[in-house]
Amino acid sequence: MALFKPEDCLILVVDDVKLNLQIVAKILDNVGYECSFASNGYQALKRVRSARPDLILLDLMMPEMDGLEVCEKIQANPELSEIPIIFISASQEQEHLLQAFQKGAVDYVAKPFHSAELLARVRMHLELKYSRQKLKNLLQEQVELVKQLETLANTDPLTGVWNRRYLLMIAEQEIKRSQLYNFSFAVLLIDIDHFKKINDTYGHSIGDDVIIFMTKTVLYHLQSTDCFGRFGGEEFVALLPETDMDEAMIVAECIRENIKNQYITFEEQKVSITISIGVSSYRTGDKNIDSILRRADQALYQAKHEGRNRVISCPLE
């Protein structure tokens with residue numbers, strides 16, 4: 001299968017001799033290539049920037065600015081450097097040939113040339129260019145696919161927030177930062193009160209809406225440096241780096257109060273919910289996140305035991 005059609009390719013022909021431009025134009029036109037022309041180096045650079053040709057046929061010997069300088073300037077521009085440049089020259093000097101490739105040319109055709117040879121080289125380098133581009137696009141698609149798969153592996157499908165596995169990974173990183181730099185680090189363990197009753201009364205669809213509503217409310221009150229995710233069921237965890245217990249309690253109370261004062265409308269019914277939050281923080285000597293989560297869970301249990309819809313912190317020792 002052909003990688004390209006000649007009629008879809010624009011070739012810039014650069015030569016200070018008008019007859020040479022006409023000869024090359026006729027050869028390319030017979031095959032179907034679209035052509036643009038420049039009679040000097042300055043004009044060539046202007047055309048390259050405006051037209052972005054697929055390939056350049058560049059005369060080596062030109063007054064004022066020769067082909068080598070034109071090639072060098074094109075190669076210096078990241079947006080233009082992938083355009084293949086084929087030098088055409090009557091010069092037989094080995095030094096000119098070496099300079100052409102050193103400046104970034106992909107090929108060199110000596111004058112006088114046969115039209116079949118020129119067309120073959122043009123086609124080969126266009127095919128190479130389009131093959132590279134196709135491979136580049138494929139690799140980019142694979143990179144994007146890997147990113148999507150990583151996101152799917154790390155997020156909760158219902159809410160889009162981080163899942164338990166990713167939360168634990170981030171938490172361990174924060175523990176290490178706290179150990180190394182003596183940073184504060186707080187954890188909120190959030191649970192929706194009477195969630196089973198909500199599911200039993202209104203159905204699991206409304207239960208999902210409640211979870212999504214709660215998630216959005218929590219996220220609204222967290223900072224960009226915080227990390228929030230679903231730990232399982234109706235239980236969620238917020239990780240608050242460089243946040244002490246007092247600051248964490250303020251955040252938790254704000255979240256609880258806002259959720260209590262809102263509701264979800266369902267078939268002309270207003271469904272309101274409350275949450276309970278257990279708050280804990282890093283203590284010197286904590287080796288991993290388990291210790292902090294265990295204390296947060298104890299505080300959450302106390303909040304439930306005392307009547308729910310409240311924030312309880314684990315006392316500092």
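## Ground rules

Because the model is predicted, local features need pLDDT of at least 70 and side-chain atom pairs count only at pLDDT 80 or more, while totals for chains, interfaces and linings use all residues. Residues are numbered from 1 along each chain as its sequence is written, and side-chain values use heavy atoms, with hydrogens and water left out.

## Two domains

The protein splits into domain 1 (6–138) and domain 2 (164–313), with bounds that come from an automatic or database domain assignment. Their C-alpha centres sit 63 Å apart.

## Two helices

Helices and strands here are DSSP runs (helices are H or I, at least four residues; strands are E, at least two), numbered from the N terminus. Helix H5 (residues 115–154) has 40 residues and covers 58 Å from first C-alpha to last, close to the 58 Å expected at 1.5 Å a residue. The expected span is 1.5 Å times one less than the number of residues. Buried means under 20% relative accessible area, exposed means over 50%, and partly exposed is in between (1.4 Å probe, protein chains only). On that scale, the buried residues of H5 are Leu118, Val122, His125, Leu126, Lys129 and Asn154. They pack against S1, H1, strand S3 (55–59), strand S4 (85–89), strand S5 (107–110) and helix H6 (164–181).

## Ser89, tucked away

Ser89 belongs to strand S4 and is buried, with a relative accessible area of 1%. What does Ser89 touch, leaving aside its neighbours within four places in sequence? Counting heavy atoms within 4.5 Å as contact, the partners of Ser89 are Asp59, Leu60, Met61, Tyr108, Val109, Ala110 and Lys111.

## A nonpolar patch

On the surface, Val17, Leu19 and Ile23 make up a nonpolar patch with about 250 Å² of accessible area together. Patch members have over 30% relative accessible area and no salt bridge; nonpolar side chains (Val, Leu, Ile, Met, Phe, Trp, Tyr) are joined within 5 Å, and like charges within 9 Å. Areas come from the Shrake-Rupley method with a 1.4 Å probe, and for residues only the protein chains shown count as cover. Val17 lies in the loop between strand S1 (10–14) and helix H1 (18–31), and is partly exposed at 36% relative accessible area.

## Salt bridges

Side chains of opposite charge can pair when their charged atoms come close. The rule used is a side-chain nitrogen of Lys or Arg within 4 Å of a carboxyl oxygen of Asp or Glu, and the count comes to 19 salt bridges. One of them joins Arg52 and Glu79, with the closest N and O atoms 3.1 Å apart. Arg52 is in the loop between helix H2 (41–51) and S3, and Glu79 is in the loop between helix H3 (67–75) and S4, so the pair ties together parts 27 residues apart in sequence. Arg52 is partly exposed at 41% relative accessibility, whereas Glu79 is exposed at 58%.

Asp191 and Lys304 also meet in a salt bridge (2.5 Å, N to O). This pair links distant parts of the chain, with Asp191 in strand S6 (residues 185–192) and Lys304 in helix H10 (residues 289–305), 113 residues apart. Elsewhere, salt bridges that share partners join Glu253, Arg256, Glu257 and Lys260 into one network.
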